[in-house]
Amino acid sequence: MGDFSYHPANGFYVFGSGDDSRTASVNYGQKPVKPHLSDRLHFHLLELAHRFFFNSDASLAPVYRALSRWIDASVFARTLLHLFENVGKQILLRCRQCGDCAIQYVAFQCPESGCPKHIRNGACGGSRNGRCEVYPDRWCIWYRAYQRWASVHRTDEMIRGCVPPRKWELDHSSSWLNFHLGRDHQNGSADFARYCCARSACSHAGDGLCSGQKQGELFT
Ligand code: SF4
């Protein structure tokens with residue numbers, strides 16, 4: 001067993017206790033550094049925006065859906081919205097316009113611009129002391145995600161299910177429209193996406209299910 005134990009001294013680890021790692025209480029190997037104030041403000045701002053504008057359970061969700069339908073029908077309105085979205089998300093997230101936004105899984109950071117490997121569903125395992133394997137001058141985006149969740153005592157968000165793969169056909173389209181019109185990974189249309197949504201903090205999953213998905217209708 002010792003032959004396989006090559007982790008660095010004082011490394012940072014997350015592990016569950018008990019048989020089911022999804023429901024077991026979580027232990028952390030090392031207390032993380034508190035994120036900078038600007039990082040926490042960025043996190044809270046985007047989480048708030050997400051809760052009000054990108055949550056199918058929000059009271060105004062039907063309004064956003066109707067508005068999105070109207071915008072989507074006009075090339076001019078669609079282009080204008082995409083431009084506006086792109087400028088805002090460039091400033092806040094260095095958005096790469098993947099069209100299938102997944103910032104909610106990485107504590108409201110962009111996995112496309114923040115991780116050189118574009119990994120959406122967990123750290124690659126190559127980071128050292130919280131530093132990125134590809135660019136050691138940067139913090140690993142998942143290390144920063146943990147710090148953000150830890151600052152609000154919600155680290156369990158990081159083990160709430162798996163993250164569905166990106167829908168590549170949406171590349172360079174408006175992720176806002178894609179969300180509200182049920183075109184992105186959160187619409188539960190693909191088996192794997194439905195499986196993941198049912199187990200994660202999907203914005204469409206107010207009752208633990210994705211939009212359009214019925215109780216008991218899970219990936220098998
Ligand atoms: S739309 Fe894609 S590229 Fe843009 S912020 Fe969201 S995850 Fe990142």
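Mentor: On helix α2, the face turned away from the buried side carries Arg 69 and Trp 70, both exposed (exposed means over 50% relative accessible area, buried under 20%, partly exposed in between, with a 1.4 Å probe and protein chains only). The model is predicted, so local features need pLDDT of at least 70 and side-chain atom pairs count only at pLDDT 80 or more, while totals for chains, interfaces and linings use all residues. Residues are numbered from 1 along each chain as its sequence is written, and side-chain values use heavy atoms, without hydrogens or water.

Helix α2 runs over residues 61–72 and has 12 residues. From first C-alpha to last it reaches 16 Å, close to the 16 Å expected at 1.5 Å a residue (1.5 Å times one less than the number of residues). The buried residues of α2 are Ala 61, Tyr 64, Ser 68 and Ile 71. These four lie on the same side of α2 because they cover an arc of only 85 degrees around the axis (taken from the directions from the helix axis to the C-beta atoms). An α-helix has 3.6 residues a turn, so residues three or four places apart point the same way.

The buried residues of α2 pack against α1, α3 and α6 (contact means heavy atoms within 4.5 Å). Those three helices, α1 (37–53), α3 (75–93) and α6 (175–180), each supply at least two residues to the lining of the second largest pocket. That pocket has a volume of about 320 Å³. Of its 19 lining residues, the closest to the centre are Leu 46, Ala 49, Phe 54, Lys 89 and Trp 176 (lining residues have an atom within 4 Å of a pocket point). The lining divides into 11 nonpolar, 5 polar and 3 charged residues.

Helix α1 also holds Asp 39. Asp 39 counts as buried because its relative accessibility is 10%. Apart from neighbours within four places in sequence, Asp 39 is in contact with Arg 144 and Arg 148.

As for the whole chain, there are 7 helices and 2 strands (DSSP runs, H or I of at least four residues for helices and E of at least two for strands, numbered from the N terminus). Their pattern along the sequence is β-β-α-α-α-α-α-α-α. Of the 220 residues, 41% count as buried. Among contacts with a separation of 6 or more, residues 24 or more positions apart account for 55%.

Note on methods: On a 1 Å grid over the protein atoms alone, a cavity is a set of points where a 1.4 Å probe fits but cannot get out, and a pocket is an open set with protein on both sides within 12 Å along at least five of seven lines; lining residues have an atom within 4 Å of a point. Grid points are joined across faces, edges and corners, and a volume is the space filled by probe spheres set on the points. Ala, Val, Leu, Ile, Met, Phe, Trp, Tyr, Cys and Pro count as nonpolar, Asp, Glu, Lys and Arg as charged, and the others, Gly among them, as polar.
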